[in-house]
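Please keep the sequence and the 3D view open while going through the points.

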Amino acid sequence: MDTRVPPVPMGPATAAEFRRRGHDSQEVEGLFARVLSYIHHALPDPPVSVDARLFALLPHDSVDRVSLLPDVVLRKVVSRLPVKDAALSRRWRGVWCSTPLVLVDSHILPSGTAVACADARRVTSAVSRILAAHPGPFRCVHLTSNYMEEFRGLLVRWLQILAVKGIQELVLVNRPWPLDLLLPATFFGMATLTRLYLGLWKFPDTAGLPRATTFPNLRELGLCNVFVESRDLDFILARSPVLETLCLKGKLRKLHLRLVSRSIRCVQIIGSFLEEITVMDAPCLERLILSGDCAKLKIRNAPKLHLLGYLDAGNHVLEVGNTIIKAGTKASPSTTVPSVKILALEVRFGVRNDVKMIPAILRCFPNVETLHIMSGETDQPTDKLNLKFWQESGAIECIRSRVELLVFHDFRGDRRELSFLTFFFGSALVLKKVVIVLANGSFASMEDICSKVLPLGSMKRASPGSSIMFANSSDPEGVVNLWSFKRASDFSLGDPFVSY
């Protein structure tokens, strides 16, 4: 759980309502503390640290040397201070007013303090004073510690101030009661936004908004546990002409996501259920990262799509062009996505339907150079597909002549896993490296590990110079690295699926 998130105390009326519905209020508090933790884990880091401090006097020195610095340097110093030091200190008030505002409301609270209603009111009062006192522009504002249900009118006023004073980056998270608090439509007036993250809101209806409404500077959008309709998400995408990154996280409503964007480069969907994702026309899309449920993925036009996954072999329906990919589908120019170089698949090797889809899916991506396989668990294996199945499935172009790196996640030493790896090793002509990431908790002892991995070393390899490396997962929860928007959208990180 994210340690930056204070506890989430529940008011008496809300607790009584949950008890009336037959729920334990303390269990519900714990659940939503975890929800908030996951949301905060996904949010961008603020540009200031609560630990930053400024001292005008050095030890044993009576001369205030900091105040002698040029104003341009002082402004840079103050911009890195938490607001309770920069804004509330008389010494630095003048410099602070001439520095683009950075406000993180959680820095107003003492570290680790539970955000009870009384604390939230104090934070809210301080935020109002700061927003009114600073002339702008507003570089970055994080509002995550307010119970906005009590201050709906004030929130409208805040959003108006942010719009007038040129807000660039806004993170706005409601405390969790109620879950479907309506976000005021006034936020559509913030045309200067470059980054926007919303959490625990009900998205306003866009049907009545003026057609001229636009976010001309918005490059990054994140929606965390936001109730939003498909048409409203379409509205935002259509009116964000320079949007590069879209992140959706949490139990959103059943959405149909239709990607039509000339600018978008990265789309990440975490822990959400989407009925359908259609990549209709996204000429700049490079990454499509899925860590949730999606009934169908359609790929129409994405000529630069470089990284894709995790595709769930058993639960995702893949459609390329106008062809639904099924077991036995033959590769053709109309059913392939040649641009993909990094592909991640989730496979339950004990489920026949999952395994039978793998050859067909891999044939859709003939130029994959890095292949990630996540081995999923199943309580009731349906079949014992062995090496004969893989041999009879025929040659798979990307395995035979393209894949240089295989990362096999959550290896348990199951014979079905070994059958696939035997086939892979015997087919991969240009393979350079295989990384076997051991599943957490699947091995009783070092002897158990050795007995399961020993067969891998003796497998016949089509590329005899390739190496095998074994690793423990650095991630105790499997793919939690992908729960971070920061990691997935960081283009300096070549492969965000790596977790060893």
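Which residues form one aromatic cluster? The model is a predicted one, and the points below begin with that question.

1. The aromatic cluster. Its members are F349, F389, W390, F408, F411, F420, F423, F424 and F425. Across the structure, the count of aromatic pairs comes to 16.

2. F408 and F411 form an edge-to-face aromatic pair, with 6.0 Å from centre to centre and 75 degrees between the planes. F408 has a relative accessibility of 0% and therefore counts as buried. F411 is buried as well, at 0% relative accessibility.

3. The strand next to it. F408 also has a bridge partner in strand 16, namely I436. Strand 15 (residues 405–411) pairs with strand 16 in the parallel sense, over 5 bridges. Together with helix 12 (residues 415–427), strands 15 and 16 make a right-handed β-α-β unit.

4. The next strand along. Strand 16 is also joined to strand 17 (residues 467–472) by 6 bridges, and these two strands run parallel. The chain gets from strand 16 to strand 17 through helix 13 (residues 446–457), in a β-α-β crossover that is right-handed. Within this pairing, K433 stands opposite S467 of strand 17.

5. A second aromatic pair. How are the rings of F188 and F235 arranged? Their planes stand at 80 degrees, with the centres 6.1 Å apart, so the pair is edge-to-face. The two residues are 47 apart and link distant parts of the chain: F188 lies in the loop between strand 3 (169–173) and strand 4 (195–199), while F235 belongs to helix 8 (residues 230–238). Both F188 and F235 are buried.

6. Charges over rings. R265 lies over the face of F491, 3.9 Å from the ring centre. R461 lies over the face of F425, at 6.0 Å from the ring centre; F425 is one of the residues in the aromatic cluster.

7. Salt bridges in general. How many salt bridges does a search of the whole structure find? It finds 15. Among the linked residues, E169, R195 and E220 form a network of salt bridges.

8. Strand 8 to strand 9. The side chains of E276 and K298 meet in a salt bridge, at 3.5 Å from N to O. This pair links distant parts of the chain, with E276 in strand 8 (residues 266–281) and K298 in strand 9 (residues 287–299), 22 residues apart. Are these residues buried or exposed? E276 is buried, because its relative accessible area is 18% and the cut-off is under 20%. K298 counts as buried too, at 15% relative accessibility.

9. Strand 9 to strand 11. K296 and E319 form a salt bridge through their side chains, at 3.8 Å from N to O. They too link distant parts of the chain, 23 residues apart: K296 is in strand 9, and E319 is in strand 11 (residues 317–320). E319 is buried, with a relative accessible area of 7%.

10. The side chains of D354 and R348 meet in a salt bridge of 2.9 Å, N to O. D354 counts as buried, at 1% relative accessibility. R348 has 25% relative accessibility and so counts as partly exposed.

Notes. Residues are numbered from 1 along each chain as its sequence is written. This is a predicted model: local features need pLDDT of at least 70, side-chain atom pairs count only at pLDDT 80 or more; totals for chains, interfaces and linings use all residues. Side-chain values use heavy atoms; hydrogens and water are left out. A salt bridge is a side-chain nitrogen of Lys or Arg within 4 Å of a carboxyl oxygen of Asp or Glu. Helices (H or I, at least four residues) and strands (E, at least two) are DSSP runs, numbered from the N terminus. Buried means under 20% relative accessible area, exposed over 50%, partly exposed in between (1.4 Å probe, protein chains only). Two strands pair if DSSP finds at least two bridges between them. A crossover is right-handed if, with the strands pointing away from the viewer, the path from the first strand over the helix to the second runs clockwise. Rings of Phe, Tyr and Trp (its six-membered ring) pair if their centres lie within 6.5 Å; planes under 30 degrees apart count as stacked, over 60 as edge-to-face and the rest as tilted. A charge sits over a ring if NZ of Lys or CZ of Arg is within 6 Å of the ring centre and within 35 degrees of the ring normal.
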